[in-house]
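Subject: Structure handover

Hello,

Here is the structure you asked about. Please open it alongside this note and follow along.

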Amino acid sequence: MPPGPHFAFGDHDTHGFVASFTASLPTRLAHWYLEREQFEPVPVEPGLYRLSEPERDGARRTRQAVHDLRRQGYTVQADIRLDPALSAGPPRPVRPHGLQERRSRLAQAAAGRTTQRATPPTASPPSGRPIPPKPTYAPTVHLTASGGGRPR
């Protein structure tokens with residue numbers, strides 16, 4: 001592929017988040033990729049595509065499209081706020097040292113006293129009932145053949 005940009009992403013006053021492609025890329029291929037990234041052709045301006053439903057998290061979806069196309073090996077030019085490499089995403093709530101706190105709680109629980117019995121259970125049940133002895137013989141079961149079944 002040529003070293004020049006293959007796609008360009010930006011903001012448009014009328015159409016919102018837009019994308020276009022350069023002549024270094026076949027038209028059908030560029031159209032296919034942009035449609036997969038939820039961009040639709042603008043009827044009055046050939047070669048320009050707008051993001052469908054831009055009010056539904058449009059900036060993030062455009063950044064994702066830039067990221068996806070770069071991951072496919074294409075060179076993409078984007079405005080600063082739409083470039084995932086240059087713009088920071090929304091802050092994520094992060095608990096500081098969450099894993100360390102959990103490990104510390106587990107270690108404290110392991111070092112503490114347990115509420116379970118320290119001695120193994122005895123052979124007799126706690127109700128005091130005796131356990132019946134095991135039979136010394138094996139019970140014999142007599143099976144009779146019935147005439148209504150299938151022959152083997």
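**Glu40 and its partner**

Glu40 counts as partly exposed, at 31% relative accessibility. Partly exposed is the range between buried (under 20% relative accessible area) and exposed (over 50%), using a 1.4 Å probe and protein chains only. Glu40 forms a salt bridge with Arg50, with the closest N and O atoms 3.1 Å apart. This pair links distant parts of the chain: Glu40 is in strand 3 (residues 39–41), Arg50 is in strand 4 (residues 48–51), and they are 10 residues apart. Arg50 also counts as partly exposed, at 25% relative accessibility. By salt bridge I mean a side-chain nitrogen of Lys or Arg within 4 Å of a carboxyl oxygen of Asp or Glu.

**How to read the model**

This is a predicted model: local features need pLDDT of at least 70, side-chain atom pairs count only at pLDDT 80 or more, and totals for chains, interfaces and linings use all residues. Residues are numbered from 1 along each chain as its sequence is written, and side-chain values use heavy atoms, with hydrogens and water left out.

**The chain as a whole**

The chain has three helices and five strands. Along the sequence they follow the pattern β-β-α-β-β-α-β-α. Helices (H or I, at least four residues) and strands (E, at least two) are DSSP runs, numbered from the N terminus. Of the 152 residues, 23% count as buried. The accessible surface of the chain comes to about 12,500 Å², and 56% of that belongs to carbon and sulfur atoms. Those areas come from the Shrake-Rupley method with a 1.4 Å probe; for residues, only the protein chains shown count as cover. Now take contacts between residues at least 6 apart in sequence: 45% of these join residues at least 24 apart. Contact means heavy atoms within 4.5 Å.

**The core**

Which residues touch the most other members of the largest nonpolar core? They are Phe7, Phe9, Leu34, Phe39 and Leu69, out of 20 residues in that core. At least two core residues come from each of strand 1 (7–12), strand 2 (16–21), helix 1 (27–36), strand 4, helix 2 and strand 5 (76–78). Helix 2 gives the most, with four residues. A nonpolar core is a set of buried Ala, Val, Leu, Ile, Met, Phe, Trp, Tyr and Cys residues joined through side-chain atoms within 4.5 Å.

Start with Phe7 when you look. Leaving out residues up to four places away in sequence, Phe7 touches residues including Ala30, Tyr33, Leu34 and Leu69. Tyr74, Thr75, Val76 and Gln77 are also among the residues that Phe7 touches.

**Helix 1**

Ala30, Tyr33 and Leu34 are buried in helix 1. Seen down the axis of helix 1, its buried residues fall within an arc of 95°, so they line one face of the helix. The arc is that of the directions from the helix axis to the C-beta atoms. The cover over these buried residues includes strand 1, strand 2, strand 3, strand 4 and helix 2. Gln38 follows helix 1 and has a positive phi, near 70°.

**Helix 2**

Asp68 lies in helix 2 (residues 58–71). Is Asp68 buried or exposed? Asp68 is buried, with a relative accessible area of 15%. The side chains of Asp68 and Gln64 are joined by a polar contact of 2.8 Å. A polar contact is a pair of N or O atoms within 3.5 Å; within protein, one must be able to donate a hydrogen and the other to accept it, and residues adjacent in sequence count only if both atoms are side-chain atoms.

Asp68 also meets Arg71 in a salt bridge between side chains (4.0 Å, N to O). Both lie in helix 2, three residues apart, about one turn of the helix. An α-helix has 3.6 residues a turn, so residues three or four places apart point the same way. Arg71 is exposed, with a relative accessible area of 59%.

Ala59 lies in helix 2 as well. Ala59 is buried, at 18% relative accessible area. Apart from neighbours within four places in sequence, Ala59 is in contact with Phe17, Arg81 and Leu82. Ala59 and Asp83 are 24 residues apart in sequence, and 9.6 Å apart in space, C-alpha to C-alpha.

**Other salt bridges**

The structure holds four salt bridges. One of them joins Glu53 and Arg56, with the closest N and O atoms 3.6 Å apart. Glu53 counts as partly exposed at 43% relative accessibility. Arg56 counts as partly exposed at 43%.

Best wishes
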